[in-house]
Amino acid sequence: MLAVLAAGAAVSLHLLEAVPHVSDAIAYAFQAKIFASGRLALPPSPLPELFEQGHVIVDESRWSGKYPPGWPIILAAGFLAGAPWLVNPLLSALSLFLVWKLGRELFDSTTGLLAAALLSIAPMFVLMSGDMLAHPAALAASLATLLAVVRADKDRRKATTALAGFLAGITCLIRPFTGLTLLWPAFAWLIWRRRSLSDRLGTLGIVLAGTLPGLLGYLAYNSLLFGNPLEAGYALSNPTDGVDAFSIQAAIGNLPLWWQRLNRLSWGWPWPDLMILLPLLVPGPGRGRDLMLAGCAASLVVAHVPYFFFDIIYGGARYAFEAFGPLALLGARSLITLRDVYRRVAVRWPPKARTIAGSLLAASLGSAIAIFPLARMLSREIPYHGRIYHGVTRQTVESASQAGVGDNALVFVDAPIFHYSSFFLENELDPAGGARVYVRDIESLREAAIAAFPRREVWRIRVELTSVRGPNVYADAFSIRSVRWERLASE
């Protein structure tokens, strides 16, 4: 846990400059800053085109992020503490603890320890912990939910069952579609294991009652912010985020991508990554629980295959990120199955030979499992993400002082729209009240911007970027070609 916390903090501070890079994360951080200020939304900014930002809604009544409130509420605590960059590293360390506890509850402590080890060396897990996306929070919440489900199966207490439902509701407050698709197989398993129909129906009722706080909170949030409890920010921001975003045509195109990327990028072993699950085909105790975990991971992936958008973020297929908890547990189960098969094969060998051979096999397999993700894949991803990932960097922001820009200045940013994200969060929530104001350089709105945000100095920064070839059809990493500062006016 400490190692992952340190690695996540290092990624955040040194690789990603302690700022969000992906446009979704920037919108989350913006909403978190709004929550930290004690508000649900901001009044619309004058000249909203100057502050245009992906996944941020600006209309006649509000200025806010489009996403559900779960993750921004958690991230707001980081802003209040002055360290938002540390929230996801802490959640990633918590996820290791939870996956160990879950493995111990489902099987034994060895399974939990192996699962935690496998999760900790997944390159995407390490890299994702450094940004401000919602996935690490959803992973931690989903693992807590699965742990509660397993305990509810054991103790049959209504309170534990209600807790499982409550935690599922929290997961859905963070990432609704992910929570639903990942967790329903676990609840189906819990209900199916009840002995009678009445017991099953009662369990279902308790689970649903437990989810009510999260559900009602989400509906209330939508109602207060968007005017309709059944209308989320997704629909206001981009209608294609609805049902129309899923199609058979998209599934046909995405299926080979999903299969290829999950096999190559989950851990980056020299063999297909999902091959580690093959030993689970060997009959053995606990296969029903293995099937439940496999159902959770498969459900999340299958549900996203028909989605129109497919991308690689932080070295992996990000919509499958929350499946890494169940997958790590299944990988641990596979390794234990291999150990048990070896013991059955070697039972008649001399004890000394059995011990030496077993130690050599464990050392060689363990080394291969650990070395390839860290020494090959992660070492390859680190320099790539050290570029201007998703067009965001603090380099151009910090060059303002070097160029002589004063503290009281209006700065027009002439750069690709995605690079404006580097400056967007530098503004105060009320840009008019801030010292420096960074706006997009729209020539037709320059005079209006100067009138709306009068400052002692007016500057323009021109940024040219060169794209770096990456895994997606769109460019997601860049290098700086040129940065030019120009003083337009002063008092």
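Buried here means under 20% relative accessible area, exposed over 50% and partly exposed in between, using a 1.4 Å probe and protein chains only. This is a predicted model, where local features need pLDDT of at least 70, side-chain atom pairs count only at pLDDT 80 or more, and totals for chains, interfaces and linings use all residues. Residues are numbered from 1 along each chain as its sequence is written, and side-chain values use heavy atoms, with hydrogens and water left out.

**View 1. The buried side of helix 5.** Helices are DSSP runs of H or I with at least four residues, numbered from the N terminus. In helix 5, look for T111, G112, A115, A116, L118 and L119, which are buried. They sit on the same side of the helix because they take up an arc of only 165 degrees around its axis, going by the directions from the helix axis to the C-beta atoms. Their cover includes helix 4 (87-106), helix 6 (123-128), helix 14 (324-345) and helix 15 (351-385), with contact meaning heavy atoms within 4.5 Å.

**View 2. Helix 5 end to end.** At the N-terminal end sits a cap, D108, with a side-chain oxygen 3.2 Å from the backbone nitrogen of T110.

View 3. The structure has 0 disulfides, a disulfide being a pair of cysteine sulfur atoms within 2.5 Å. The closest cysteine sulfur to that of C172 is in C296, 13 Å away, so too far for a bond. C172 is buried at 18% relative accessible area, and C296 is buried too, at 0%.

How values were computed:
Helices (H or I, at least four residues) and strands (E, at least two) are DSSP runs, numbered from the N terminus. A polar contact is a pair of N or O atoms within 3.5 Å; within protein, one must be able to donate a hydrogen and the other to accept it, and residues adjacent in sequence count only if both atoms are side-chain atoms.
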